[in-house]
Number of protein chains: 4
Amino acid sequence: MNASDHRIKIAILGASGYTGAELLRLLAGHRGVEIGALTADRHAGKPIGAVFPHLAGRALPDLVTIDEVDFASVQLVFCCLPHGTTQEVIATLPHHLRIVDLSADFRLADVETYAKWYGHAHRAPALQHEAVYGITELVRPALGNARLVANPGCYPTAAQLPLVPLVRAGQIDADDIIIDAKSGVTGAGREPTQTSLFAEVAEGIAAYGVAGHRHAPEIDQGLSVAAGRQITVNFTPHLVPMNRGILATIYVRLTNGASIADLRRTLTTAYDGEPFVRIVAEGGVPATQHVRGSNLCLIGLAADRIRGRVILVAAIDNLVKGASGQAVQNMNAMLGLPETSGLQQQPLFP
Amino acid sequence: MNASDHRIKIAILGASGYTGAELLRLLAGHRGVEIGALTADRHAGKPIGAVFPHLAGRALPDLVTIDEVDFASVQLVFCCLPHGTTQEVIATLPHHLRIVDLSADFRLADVETYAKWYGHAHRAPALQHEAVYGITELVRPALGNARLVANPGCYPTAAQLPLVPLVRAGQIDADDIIIDAKSGVTGAGREPTQTSLFAEVAEGIAAYGVAGHRHAPEIDQGLSVAAGRQITVNFTPHLVPMNRGILATIYVRLTNGASIADLRRTLTTAYDGEPFVRIVAEGGVPATQHVRGSNLCLIGLAADRIRGRVILVAAIDNLVKGASGQAVQNMNAMLGLPETSGLQQQPLFP
Amino acid sequence: MNASDHRIKIAILGASGYTGAELLRLLAGHRGVEIGALTADRHAGKPIGAVFPHLAGRALPDLVTIDEVDFASVQLVFCCLPHGTTQEVIATLPHHLRIVDLSADFRLADVETYAKWYGHAHRAPALQHEAVYGITELVRPALGNARLVANPGCYPTAAQLPLVPLVRAGQIDADDIIIDAKSGVTGAGREPTQTSLFAEVAEGIAAYGVAGHRHAPEIDQGLSVAAGRQITVNFTPHLVPMNRGILATIYVRLTNGASIADLRRTLTTAYDGEPFVRIVAEGGVPATQHVRGSNLCLIGLAADRIRGRVILVAAIDNLVKGASGQAVQNMNAMLGLPETSGLQQQPLFP
Amino acid sequence: MNASDHRIKIAILGASGYTGAELLRLLAGHRGVEIGALTADRHAGKPIGAVFPHLAGRALPDLVTIDEVDFASVQLVFCCLPHGTTQEVIATLPHHLRIVDLSADFRLADVETYAKWYGHAHRAPALQHEAVYGITELVRPALGNARLVANPGCYPTAAQLPLVPLVRAGQIDADDIIIDAKSGVTGAGREPTQTSLFAEVAEGIAAYGVAGHRHAPEIDQGLSVAAGRQITVNFTPHLVPMNRGILATIYVRLTNGASIADLRRTLTTAYDGEPFVRIVAEGGVPATQHVRGSNLCLIGLAADRIRGRVILVAAIDNLVKGASGQAVQNMNAMLGLPETSGLQQQPLFP
C-alpha cells in the first residue's frame, strides 16, 4: 500500500494478553503507524483471531515468536511481556529500536528498591538507568529523545496524576498520603489464576496486597522526586467486580495555609490544555464508568469533614490511560506524532 | 470552523437517553456531520454533561426543547423519543428534514397489527405508510430516497440478519423458527423502573414478555416479506446481567434437502463484502463480548443433534447495530456518505 | 398450630422492601417467633409472592395496610418504613408493642444534629430520647428493657464494630480516622431511581455523598460516646457493582505508644465469645464474599507503610448484620431469646 | 458431644471445590449428620479455612488425603472428585460405605455411550451398572437400598424435572425437544481456566459446547427411559455472567391433542407434595434469582405463538438442586432421614 509507506512500522511483543489486544484496538484508529509484527511464543503460527476472537477479521499479521521478527524495518516496539523476563528480552533487541515497555521491569530506577520488591538483582541495570518513566503529562520533554520508556503501572498513574503537582507545590503533607484504590479485574492479566475467576470476584469486594503491593514503591518514587526527599505512602488496592477501571480515593492533609481552592488551582494549571486529564467541576465526583474505553483521567476534589483534610478522587481505565493508551500516548510523544492519534475513542457508557 | 461548512448538520431529539448518548459517542468520530441541536424537554437549558457526565468536556450544544430548535439549517434528525409520542412529534417536523426514527412507532407497516400490539390506532398513518424499515443490509437501495427510516428494534435486527436470507432461499421451514434471545439491560432504557434495578437483575437470568413481546410482530413482518406469506415465529427474550449485547440463538429446520453447508453458503453470499456482518468460521460461536461497542453482527451456524435441524447464533451490541449504530449506518446510506463513517470503533474486549 | 402457641407474634411494617424480605428469609429459620402481619400500603390485599416471587409458596399472611393490623396479639414490630415518615407511624403504635426500627429516624440522639442532617425538626422527640441505638454487641445490657431500638445503619455498623473498642481504649487518634467504605447496591433500597439502575452501576465504581452522607453523623455519635468528647470522622462511601456487602477500609493513627498487636488484643478481647464478630487471623484480609447472606462481621488489621498508622478492614452483609440480621439479633436480645436464633445461615460462597 | 452420638458420620472426598464447600454450607444446618472427614489431596494438612476463608471459624476437621481417612466409623461418602478419576477411587472404597457421587462418572448407564462421550472405556463397569441415577423426585423408591447414587448433572436436573413427566405422559413430541439452557459460572468449577476468568465472562453471553456438551447424552438417557425408546434432544448451553443459577427454556410440541392445560395438570400432579419442586402460577415465569441458594426447582409454562407449541421454563441453583443440594436430598432418602433436613435455606434475594 502506498499509504503505509508513510506509516511507521511497529511491533507488539506479547500480543496475546489484554494489554496487547488493547493496543490493537487503539492502533486500529491510528493513521501514523502500521503493525509489522505480533509475537506470542506459545501461540506462534496462529492468527490473532485464534486467541482473541474479537480481532478476527482485522488485517493483522499472524503471531510469531520474537526470534522470527524481522526488526530491520521496525522502528518502535511495544513490549507486553511478563515482569521479570522482559529485561532480558529487551537487552537483546537491536539498538535502533525504540521501546515502550508495559511491564514493571524498568519502572523503578533504584537498583536496591527493585531488588527488594522483585526478589532478584536487575539483569539489565544499564537499561534500567536509561529508561524514562513515562507518565506522559509529567515527563513529556524527556520523551522525544528517549529510547526506552517504562510505561507506568495503572495504580501509579491514577495516584501520581493528582498528587505530583500538589506535592511539587508543597500544598499537601507528603508524609500523610493515603491512597485507597479500587481496580477492575483486567489489571490481573489473562493468565488463569484462582483469584481472577469470575466466581471468586463477582458479588464481592476485598482489599489485597495490603501494604505489600509492588505499585507502592513506584508511587513513592514519583512523589519522592516531586518532594525532593524520600516519601512513603499508604497504598491499599481493592479488587472490584468489573472488567475495567481504577478509582483512586486519596486522603491528604493541607499544609502551609493552603486551601482546597489552592489545590484546585494547582491542578487546573498543571493540566491546562492537556487532552486527556480533566479536573471535574466543583461538586462533581469522577466515576470509572465515565472513562471506560477512553484515555481520560478525571480528577475531583472535595473538602473533608476533618478540618485541614482534602479528598482527591481520580478515575482512569486501567487498560487505556493505565496501560496501552498511555503507551500509545508515549509513542506519539517519542515519535513527534500528534499526541491524540489513536486515542480519540470516546468513553463507552453505559 | 471552515471544516464544518462541509458538514451536514443533524439534530438529535431525545438526547438524554442511552440511544442518544450512543449516537453522540459514534458521531464524535464522523467527519461528515455536525451536531446542530440536542433536545431533552425535561432537561432543557442544561449542558449535556449534566445528564451524561461522560460527555462533559465535549464541544456540544446545550439541551433545548424541540420547539427551540432552528431546523432551517438541519438536514437530518435522529429521533430517540419514547414509543407512542414519537409519531405525533414527527408529524409536525418541517418537511425538508430527513428522519431516522429509533422508536418503534414506524416499524410495523400494517395499521391493524400496530393497533393490536400498541393498543391504539396509529396517529400518523400516512407517515407509517411512507416509512422504510431499515435493516441497512437488507434495504440499502431504498434508503437513498427515503425521507423517514424506521430504525429496527434490537432483537429484530439480531433475528432477521441471519434469518431473512435463509427464508428467502427457502432453505428453512419458516413455520418452525424458534428464537431464544438474550439481552443486556440497556435495552430497557434509562427510565427508572423496578425491573431494571441492579439488585433485581444482577446474579440472575429470566425470561420475560414470553409470547407477548412487541418485537415479535416486527420479526414476523420481516420474515413474512421474505417468505411471501404470513409467518409467525417463536420469540422468547431473556434479561441477562450485563449492560450491552444481544445473543439470538435460533433453532431452525432444514427444508427441501438443504444442508447446513447450503445455509452457510447462502449467508456468506448474502453478506459478502458487507463491512459489519461476519459469518463466523466453522466451529466458532459468536459471543456478545466480541462485538461490544462496535457495529458488528456476528453469525454462526452449528448442526443440531436432532437430524434436520440447525442452530444459528447471532451476536450484536444492542446499542450499536441494534440501535444507534444502525441509525448512523442508515443515515450514511440516506445521505450517500461512506457507510462506515462514524462506525469504525473496534470491539471493546474485555 | 400448637407449636405456634409458644411462639412470639411479630409484625413487619413495610414488608415490600429489601429489608422486609430479608427479615422473612431469616425468620423462616427462627423457631421462637411467628409472623402475624405484613404491611405494605401500596400493595395491600396482595400475597407477598406478588411483590417478591421468591417468597411465593411460603405460608405467610397477605399484605395489609398498617390500619388493618390487629396489634393486640403482636408483641414486637419490625419497622421497615422510609426515613422521615417512620417517626409519625411509630408514635401512633399501641404502647405494649416493642419496636425494632430499621429506618434512620431514631438513630441520632441529638435533636439539632437530626434537624441539620434530615432537614426538619424531629416529630417524635420523646421517642427519639427513649430509643436505644442498637449495635447489639456494644449495647446488649440495655436491650433487655428497651421498648424502641434504633437499628443502626449499614455503614455505621461496619465502622463502629472495629472502631469503638479502639477509641474506648484510647489506642488510636480519634481525630484522624478515615473510613473509606464500599457498598453493594441493595443499600439504596427497592425504589426505582436512575442511580440504582443496572446500566448506571455495572462495570464501574464511584464515590458518592462525599463528606455529606447521613451515616457520617451516626458514626460521629458512636465514636464521640466512646471517646467522651466530640469526634468528627472522614467517611467516604462508594457504590460497587454487587448486590450485597459492605467493606470498610479504615485508616487510623496509633497513640500513646500503642502497637498493632495492642489493637489486635483489644479487639480480640472485646469480641471474645461473640457469635457474629470475628477477628481475622494475622495476614488475612476480610472480603464481603465471605460474609454474604450471614450475620457475620469480619475484622482484619494490617500495619500501614506509614509508620504509626494501621489499616482496619471490616466486612459485613449490608442486608444482614447491616440491617435485618442485626434487627433479629436485637429482637432476640430484647426478648431474651438465644441470640443466634434465626441467624445461623452460613455465608453463601460463591 | 453427646448430640453427635446419634449423628451419622459422613465424609466429603474432594472438599476444596465449590460443590464441597456447598455441601458444608448445607450440612451446617443438618442435625442428623456429622462431618467426619474432609479430603483434598493437594491441600492435605491445612484447615478448610485456608482454601475457603468463608468456612474459617467452623468446627470442621482439617483436610487430609483419602488414604488418611479412617472410614470405619463413616457411613456415607460424598464424592466431589474430578470426572474420570472418580471411578477408580470409588472402586477402592470399603464396601460398607454408601456413596453419593457428584462427578459424571456413573451417570451414563450405557458403556458405549460413556466411552463415546468421555473418550475411554469405563474403569469400573460393575459399579456403573449398580449406580442409581438420582433425580430424587423421579427415583425416590430406589434410593433406600442404593449403595451408589450418581448425582445428576446440573443441566440434566433442570431439563428432566419438567420433561420426564410430560414425555411419560406422551403429551409432547419427544423427537422435537429444544433445550436452550443458561448457566452461571460456578458450574465450571474452581480450577483456573481462561474461559472462567472474570474478564472473559463478565459483560457478555455466549453459547458453548453447541451440540457437543456431555450433559446431552445424560438428558437423552433420562428421556429415553421415560419414552421407552431412544430420544435425542437439542441441548444448547450458554454461559451467563453470574455465579449461580440455571435457567432452561425448553421448546416442545404438543401431541395427541394435548393442551397446555394438560401439561400443567401433568406437572402439578407429578410434583404434588414435593417440597422442592414448584409449578409457577399461570402468567408467572421462573427466574434464577428466585431460587438462589435454595434447593428449589421452579417450573413455568407458557403457550407459544406457534400453534401447537409450548414453552417450559425451569430454574434451579446449579450448586444446590443442581449439585450439592440434590446430593443431600439423595443422602436423606438413602438414609431414611427427613428429606428436607439440611435443605431449608430460603432463596437469597437479592
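A crossing of two helices is called left-handed if the near helix is turned anticlockwise from the far one by less than a right angle, and right-handed if clockwise. The crossing of H6(B) and H9(B) is right-handed. The structure is a predicted model, in which local features need pLDDT of at least 70 and side-chain atom pairs count only at pLDDT 80 or more, while totals for chains, interfaces and linings use all residues. Residues are numbered from 1 along each chain as its sequence is written, and chains are lettered from A and ligands numbered from 1 in the order in which they are written.

The helix pair of chain B comes first. Helix H6 (residues 154-168) of chain B packs against helix H9 (residues 260-270) of chain B at an angle of about 110°, and their axes are 9 Å apart. Helices (H or I, at least four residues) and strands (E, at least two) are DSSP runs, numbered from the N terminus; axes are lines fitted to C-alpha atoms, for helices over the stretch in contact, with angles from 0 to 180 degrees between N-to-C directions. H6(B) and H9(B) are therefore roughly perpendicular to each other (angles under 35 degrees count as roughly parallel, over 145 as roughly antiparallel, 65 to 115 as roughly perpendicular and the rest as oblique). B:Pro162, B:Pro165 and B:Leu166 in H6(B) meet B:Leu263, B:Thr266, B:Leu267 and B:Ala270 in H9(B), where a contact means C-beta atoms, placed from the backbone, within 7 Å. Of these residues, six are nonpolar, one is polar and none is charged (Ala, Val, Leu, Ile, Met, Phe, Trp, Tyr, Cys and Pro count as nonpolar, Asp, Glu, Lys and Arg as charged, and the others, Gly among them, as polar).

Two strands pair if DSSP finds at least two bridges between them; strand E1 (residues 8-13) and strand E2 (residues 33-39) of chain A pair in the parallel sense over six bridges. In this pairing, A:Ile12 has A:Leu38 in E2(A) as its bridge partner.

Helix H1 (residues 18-27) of chain A has 10 of its 10 residues buried, so it is largely enclosed by the rest of the structure. A residue is buried if 20 or more other C-beta atoms lie within 10 Å of its own, exposed if 12 or fewer, and partly exposed in between. The buried residues of H1(A) pack against E1, E2, E4 and H10 of chain A, together with H7 of chain D. A:Leu163, found in helix H6 (residues 154-168) of chain A, is buried too, with 29 other C-beta atoms within 10 Å. A:Leu163 touches A:Ile177, A:Leu223 and A:Ile250, not counting residues up to four places away in sequence. A:Leu163 and A:Ile250 are 87 residues apart in sequence and 8.7 Å apart in space, C-alpha to C-alpha.

Between chains, 40 residues of chain A are in contact with 40 residues of chain C. The side of chain A that touches chain C has 23 nonpolar, nine polar and eight charged residues.

Technical notes: Contact = placed C-beta atoms within 7 Å.
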